[in-house]
Amino acid sequence: MIIVGTWKGASAFNMISAADKNCKMYCVDTWLCSNEHYDSISRDDDGYPCIFKEFWNNVKSMNYDNIITPITLPSVDGAKLLEKMGVKADVIYIDAAHDYKNTKADLDAYWSLLKDGGIFMGDDFSIDWYGVIGAVQQFSFEVGIPAKVINNKTWYMIKKSQ
């Protein structure tokens, strides 16, 4: 599994709880925050965001440190690293940026890392995030696989076998 945009780990933990506990998960994030969260995050004495420390403490408290490998890179760079490592995933969850340009770049970057028959999914397919809706719709059109929406905000598509 690959989670893109992990924040403090809640989505990753939900995915692990629904999966085989012998799974391997890569969590890709800078853990620096986005502009919508900039003023509300804790910082260390030097002003550096503490999100990664919170994330990793959460991972250890759930005993998932043997399952989760953090990739501390911007999302597209994380995809390049995972490709170089030869990683292919059954499930890829996209929940990083929420604007069209960055969401579309994530979709384009991670699609090739998804195994045939794998689930490509994400969050925030809602009127609050028009950029996500537009990027998912455009990507869905380009790959020729309709995106389905559940719970009025979670989108998914299944990659066809080639």
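Because the model is predicted, local features require pLDDT of at least 70 and side-chain atom pairs pLDDT 80 or more, while totals for chains, interfaces and linings use all residues. Residues are numbered from 1 along each chain as its sequence is written, and side-chain values use heavy atoms, with hydrogens and water left out.

The protein chain has an average pLDDT (the predictor's confidence in each residue, from 0 to 100) of 90, and 90% of the residues score at least 70. Helices are DSSP runs of H or I with at least four residues, numbered from the N terminus. Confidence is lowest in helix α1 (residues 10-17), with a mean of 90, and highest in helix α3 (residues 75-84), at 98.

Helix α3 packs against helix α4 (residues 100-111) at an angle of about 5°, and the axes are 9 Å apart. Axes are lines fitted to C-alpha atoms over the stretch in contact, and angles run from 0 to 180 degrees between N-to-C directions. The two helices are therefore roughly parallel (angles under 35 degrees). Contact (heavy atoms within 4.5 Å) involves Ser75, Val76, Gly78, Ala79 and Leu82 of α3 and Ala105, Asp106, Ala109 and Tyr110 of α4.

The structure contains zero disulfides (pairs of cysteine sulfur atoms within 2.5 Å). For Cys23, the nearest cysteine sulfur is that of Cys27, 9.9 Å away, which is too far for a bond.

Notes
Parallel < 35°, antiparallel > 145°, perpendicular 65-115°, else oblique.
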